[in-house]
Amino acid sequence: MQWFRNMVRPEKNDFLKLLIEQGNHAILIVEALEEYLREPGKPTKKNAKQVERDADEIQRILVYELNDTFVTPLDREDIHALSRALDNFIDYVYTTVEELQIFQLAPTPALLGFSELLKDMASSMQLAVERLQDHGGVAVQHATNVKKLENQIEDLYRKTVAELFSNTETVPELIEMLKMREVVRHISNAADQGVIFADTVMDINIKVY
Amino acid sequence: MSIEFIVILITALVFDFLNGFHDSSNIVATPIASRALSPRAVLWLAAIAHFIGPFLFGTAVAKTIGEEIVNPNAITLNVVLAAMLSAVLWNLITWYLGIPSSSSHALIGGLIGAVIVSVGVEALKPQGLIVVTVALFASPVLGLFAGYLLMKATLFLARGASPRINWFFKRIQIFSAFGLALSHGANDAQKTMGIITMALVIEGVATEFIVPIWVTALSAGMIAIGTATGGWRLIRTLGWRIYQIRPIHGFVSQFAGAGVILGAALFGGPVSTTQVMSSAIMGAGSAERITKVRWTVGREMLIAWILTIPAAALMAALLYWPIQFLF
């Protein structure tokens with residue numbers, strides 16, 4: 001009878017709302033990163049750990065709903081792919097903030113550059129999921145922007161790593177270099193998730209429109 | 001018994017085998033592709049239904065073919081042999097290409113070609129030809145619409161459901177496949193039974209047109225064996241090449257197809273099981289998303305369907321002379 005009740009008055013399955021919520025959290029986590037880089041000593045207003053936990057919870061709910069719903073607004077595997085990419089993005093940015101704190105790394109111009117690019121990427125992803133339902137074409141424009149930003153992040157990543165390798169002479173410098181390399185590697189991983197996200201948006205667009 | 005009778009008996013049984021092999025793929029493709037049952041189980045189920053069917057009911061197809069398309073007096077053993085050989089060839093060609101096409105249409109085409117060569121155009125019955133032609137063009141349209149509408153309705157009704165509903169969509173296909181196979185077996189084995197019995201009458205072995213039990217058993221057996229063999233090229237086309245069939249598509253296309261076939265039977269209009277089932281699959285897919293269906297596959301099928309009758313007629317006409325020469 002559960003089925004009958006749902007048929008007559010279905011619960012609204014808000015997959016797109018949940019995805020937008022995940023997009024909002026992607027922006028929040030990048031803001032936490034930015035805030036930390038601005039003033040490393042101060043405890044950040046946006047608690048990165050809390051943002052990451054909330055985002056995880058949203059994804060758990062989304063997956064649960066997906067497993068409980070037969071008719072979905074988009075192909076179920078596409079919804080899952082978008083959600084997973086956003087979640088991984090958030091996880092990698094969170095890892096970056098954590099590592100900066102644990103390694104006690106001072107902000108560098110490169111790191112500020114990364115955070116600027118990541119912020120643009122997060123807001124493009126958030127806009128893409130917001131437009132997905134009604135304006136697929138606009139969503140694709142945002143996805144294209146995500147891909148452009150990923151190229152810029154990878155360029156900056158290579159430049160940064162090259163600099164790290166060439167400016168290392170003493171052992172303490174080597175240790176600092178390894179720390180920094182670890183952090184930028186995770187930033188690059190976050191950007192890769194952005195590409196996966198953008199590809200999925202384009203797949204959906206090809207299928208639906 | 002003459003040599004020609006034995007040749008006809010063998011050809012009829014080969015045609016019967018191919019009929020099961022070829023046309024039952026429409027019925028078994030969706031339960032197989034949506035994993036309602038294992039392929040082996042589905043094929044066994046369909047084979048059993050095809051074996052039972054001929055004993056139960058059905059004369060419609062045989063009657064249409066034997067009386068309504070051409071003047072019954074024009075049907076000689078040579079004509080029947082040419083028609084069946086061309087139908088066998090056409091079925092083999094379409095099987096090789098992986099395109100589901102109607103065995104009944106192939107036989108009708110063969111009959112038309114052979115009769116034109118042996119007696120002349122005047123032996124054709126225009127009314128019967130019109131009925132067949134209308135059915136030829138109506139079947140795909142009806143299947144497409146029925147599949148489309150039932151899919152829309154099902155999606156609407158299932159909007160509050162959890163994916164556990166797939167269990168229902170899978171299980172119900174066991175019954176629908178059995179029912180469809182039963183009706184298909186009943187109608188299609190009739191053709192073979194009719195042909196063999198007619199040959200018996202012409203040979204003077206039987207004095208009147210009553211199908212002996214051994215003929216029914218033989219026809220039912222051959223169509224069942226053909227079904228159990230499984231026309232995998234065709235099953236792949238229907239289950240995977242149009243689009244990946246999932247349980248809901250299987251459920252929708254089986255019930256939409258059965259609805260059209262039953263409805264047509266009630267109103268006396270013959271439709272092709274093959275065409276209805278294949279187009280119902282396309283209809284179900286396009287209701288979900290029009291681009292889900294690979295329409296190039298649909299176009300291939302449509303071309304084959306339109307070509308079936310002329311091509312079979314041409315082959316039968318060409319086969320008629322060597323047959324005339326031999327017997």
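Glu182(A) and Arg185(A) sit three residues apart in helix α7 of chain A, so about one helical turn separates them. Helices here are DSSP runs of H or I with at least four residues, strands are runs of E with at least two, and both are numbered from the N terminus. The side chains of Glu182(A) and Arg185(A) meet in a salt bridge, with 3.6 Å from N to O. By salt bridge we mean a side-chain nitrogen of Lys or Arg within 4 Å of a carboxyl oxygen of Asp or Glu. An α-helix has 3.6 residues a turn, so residues three or four places apart point the same way. Glu182(A) is partly exposed at 28% relative accessible area, and Arg185(A) is partly exposed at 30%. For these labels, buried is under 20% relative accessible area, exposed is over 50%, and partly exposed is in between, with a 1.4 Å probe and protein chains only.

Before going on, please keep in mind that this is a predicted model, where local features need pLDDT of at least 70 and side-chain atom pairs count only at pLDDT 80 or more, while totals for chains, interfaces and linings use all residues. Residues are numbered from 1 along each chain as its sequence is written, chains are lettered from A and ligands numbered from 1 in the order in which they are written, and side-chain values use heavy atoms, leaving out hydrogens and water.

Helix α7 of chain A, which covers residues 171–208, holds another such pair: Lys179(A) and Glu176(A) are three residues apart, about one helical turn. Their side chains meet in a salt bridge at 3.2 Å, N to O. Lys179(A) is partly exposed, with a relative accessible area of 22%, and Glu176(A) is partly exposed too, at 37%.

Now let us look between the chains. Asp68(A) and Arg164(B) form a salt bridge through their side chains, at 3.7 Å from N to O. Asp68(A) lies in the loop between α3 (48–67) and α4 (76–103) of chain A, and Arg164(B) in the loop between α7 (126–157) and α8 of chain B, so this pair joins two chains. Asp68(A) is partly exposed, at 29% relative accessible area, whereas Arg164(B) is exposed, at 62%. There is also a network of salt bridges that links Asp75(A), Asp78(A), Lys207(A) and Arg289(B). Over all chains, the structure holds 17 salt bridges.

Most residues other than glycine have a negative phi. Gln104(A), however, has a positive phi near 55°. Gln104(A) is found in the loop between α4 and α5 (109–131) of chain A and is exposed, with a relative accessible area of 69%. In chain B, Arg35(B) is not a glycine either, yet its phi is positive, at about 55°. Arg35(B) belongs to the loop between α2 and α3 of chain B, and at 64% relative accessibility it counts as exposed.

Buried residues in α3(B) are Val42(B), Leu43(B), Ala46(B), Ala47(B), Ala49(B), His50(B), Gly53(B) and Pro54(B). They cover an arc of only 165° around the axis, so they lie on the same side of α3(B); the arc is that of the directions from the helix axis to the C-beta atoms. The face turned away from the buried side of α3(B) carries the exposed residues Arg40(B) and Trp44(B). The cover over the buried residues of α3(B) includes α2 (25–33), α8 (165–203), α9 (213–229) and α10 (232–241) of chain B.

Finally, step back to chain B as a whole. Chain B has 13 helices and zero strands. Its radius of gyration is 19 Å, close to the 20 Å that the globule rule gives for 327 residues, so chain B is as compact as a globular protein of that length. The radius is taken over C-alpha atoms, and the rule is 2.2 Å times the number of residues to the power 0.38. Along the principal axes, the C-alpha atoms of chain B fill a box of roughly 65 × 35 × 35 Å. Of its 327 residues, 56% count as buried.

How values were computed:
Contact means heavy atoms within 4.5 Å.
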